[in-house]
Amino acid sequence: MKNSPVVDDYPVMSPLELDSKLVREISGYVTEKIIAYLDSLPQQPVSDLEGADQLIADLTEALPESGEAFRNLIDRIFDQAVTKGYNSASPGYMAFIPGGGLIHSGFADLIGDAINRYVGVWVSAPGLVQIETNVIRWFCEMVGFPERAGGFLTTGGSLANFSALFTARRMKLPENFLSGIVYTSDQSHHSVMKAAILAGFPEANIRIIRTDPAFRIDIDLMMDQIRKDRREGLTPFAIVANAGSTNTGAVDDLDAIADLSERENLWLHVDAAYGGFFMLTMRGRQSLYGLDRADSITLDPHKGLFLPYGTGCLLVREQDALKKAHEIHAGYLPPMQDDPRRPDFCQISPELSRDFRGLRVWLPIKMHGIRAFRKTLEEKLDLVHWITERLESIEQLEIVARPQLSIVTFKVRSPGNDTQRSNDRTRALLERINSYRRVLLTGTWLEGIFVIRICVLSFRTHREQVQNCLNDIERACGEMDGNSEK
């Protein structure tokens with residue numbers, strides 16, 4: 001007789017189970033730490049990397065064999081780990097594309113993680129899947145998609161772009177798809193190139209089309225390239241347009257591109273990760289006119305809806321396309337649904353295992369109503385136009401890209417249009433602005449010109465912080481001029 005494992009010696013409860021008293025104690029302590037952290041955000045430096053090397057050394061540790069008091073661990077997180085780097089939750093954070101991180105979603109994630117219900121298959125949690133389905137339906141309404149549209153929540157725009165191009169490939173190309181060509185602009189996010197490569201295409205199959213002076217894709221050049229590729233026996237099949245580029249917030253002429261896509265039988269994907277939720281505002285709908293004609297759209301709720309990082313979305317005009325692209329069966333899975341109102345997310349997306357992302361979107365929208373989000377986005381549009389007007393009055397500076405949404409870019413003027421000198425002085429100006437640690441701005445390159453970007457998007461950023469930004473820019477310009485005179 002084989003030896004059987006001895007199980008009677010184990011306790012009734014696992015040592016990993018916490019009793020209710022300890023759960024209350026931990027949750028109370030963590031909550032107080034979070035409140036203190038959020039209350040202190042306006043006073044915290046928006047960027048701090050001084051001593052980061054020592055911090056990493058202090059936090060490097062071996063696998064522990066035994067446990068440690070939870071208060072010590074929580075203190076280590078708040079008092080050490082989060083103290084260095086870019087403070088993206090700060091109201092002064094106007095770098096890259098601000099996230100924000102509504103605390104409501106933190107509570108939603110606590111609930112979702114604690115109940116730990118699986119939502120990849122409808123039958124396993126129909127009520128929770130319905131909550132997430134409601135969120136997708138709301139997003140479809142926001143962008144103007146029809147009732148038959150659908151989609152799923154992702155970790156962010158990169159995976160949404162990947163699934164969009166994979167779906168386009170499956171819908172538009174045969175199994176031997178390597179003649180397929182994707183078109184996008186020189187202002188597209190780098191995830192578009194990565195998505196096409198991950199979807200199986202060589203880098204040479206991705207056509208990067210030049211943009212016009214407003215940094216929107218040149219449609220005539222794209223049409224010429226499509227005709228050229230067809231003559232050479234290639235198969236144009238997809239366009240990726242921008243609805244708010246990362247560099248400048250540029251919005252391509254979506255309506256004209258939709259006309260082109262229909263004429264040429266191409267899949268139109270719009271990367272609206274940053275800009276899509278401006279559809280909630282009247283000015284945003286004007287800038288994004290034609291978005292509703294796309295075949296698929298990337299959205300990032302962790303940008304325009306101010307949610308925590310890790311909350312992206314892909315919408316598709318025809319939900320059935322997602323199923324045709326992603327559906328696969330296995331004997332160990334429960335029965336799947338044929339009713340599109342009861343989605344099995346594992347059949348319309350790449351993931352089988354996934355977290356319950358819908359609650360972190362649903363809870364804040366239900367608590368405040370969409371009007372509060374609309375008003376906040378309108379404030380961001382007003383603020384970026386306000387600071388743009390003030391920047392235009394600073395003699396040393398030149399606006400390079402005016403706001404199409406909530407990003408403005410500028411550079412330092414240089415006598416004789418000396419680009420190298422302008423680039424050097426603009427980089428120096430950026431470093432000086434950020435050295436005051438009240439705001440954080442980032443730079444980028446536009447056709448060989450280095451520019452400074454201001455992106456106003458955080459729900460915590462208001463007139464006071466934008467005024468601070470302007471004051472720091474003016475101060476930095478004055479100090480640079482003073483130094484150059486010496």
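Between which two helices does the loop that holds Asn116 lie? Asn116 sits in the loop between α4 (103-115) and α5 (126-143), where helices (H or I, at least four residues) and strands (E, at least two) are DSSP runs numbered from the N terminus. The structure is a predicted model, in which local features need pLDDT of at least 70 and side-chain atom pairs count only at pLDDT 80 or more, whereas totals for chains, interfaces and linings use all residues. Residues are numbered from 1 along each chain as its sequence is written, and side-chain values use heavy atoms, with hydrogens and water left out.

Asn116 has a positive phi of about 50° although it is not a glycine, and with a relative accessible area of 63% Asn116 is exposed; here buried stands for under 20% relative accessible area, exposed for over 50%, and partly exposed for what lies in between (1.4 Å probe, protein chains only). Asn417 belongs to the loop between β11 (407-412) and α16 (419-435), and its relative accessibility of 68% places Asn417 among the exposed residues.

For the chain as a whole, the secondary structure comes to 17 helices and 13 strands. The chain is as compact as a globular protein of its length, because its radius of gyration of 25 Å is close to the 23 Å that the globule rule gives for 486 residues; the radius is taken over C-alpha atoms, and the rule is 2.2 Å times the number of residues to the power 0.38. Along the principal axes, the C-alpha atoms fill a box of roughly 90 × 60 × 45 Å. Buried residues make up 50% of the 486 residues, and of the contacts with a separation of 6 or more, 73% are between residues 24 or more positions apart, a contact being heavy atoms within 4.5 Å.

Helix α15 (residues 370-392) contains Lys380, which at 0% relative accessibility counts as buried. Not counting residues up to four places away in sequence, Lys380 touches Ser406, Val456, Leu457, Ser458, Phe459, Thr461 and His462.

Apart from neighbours within four places in sequence, Arg374 is in contact with Leu280 and Thr281.

Ser349 lies in the loop between α13 (345-348) and α14 (358-368) and is buried, with a relative accessible area of 3%. The side chain of Ser349 reaches the backbone oxygen of Phe345 at 2.7 Å, and, leaving aside neighbours within four places in sequence, Ser349 is in contact with Phe152 and His326.

Note on methods. A polar contact is a pair of N or O atoms within 3.5 Å; within protein, one must be able to donate a hydrogen and the other to accept it, and residues adjacent in sequence count only if both atoms are side-chain atoms.
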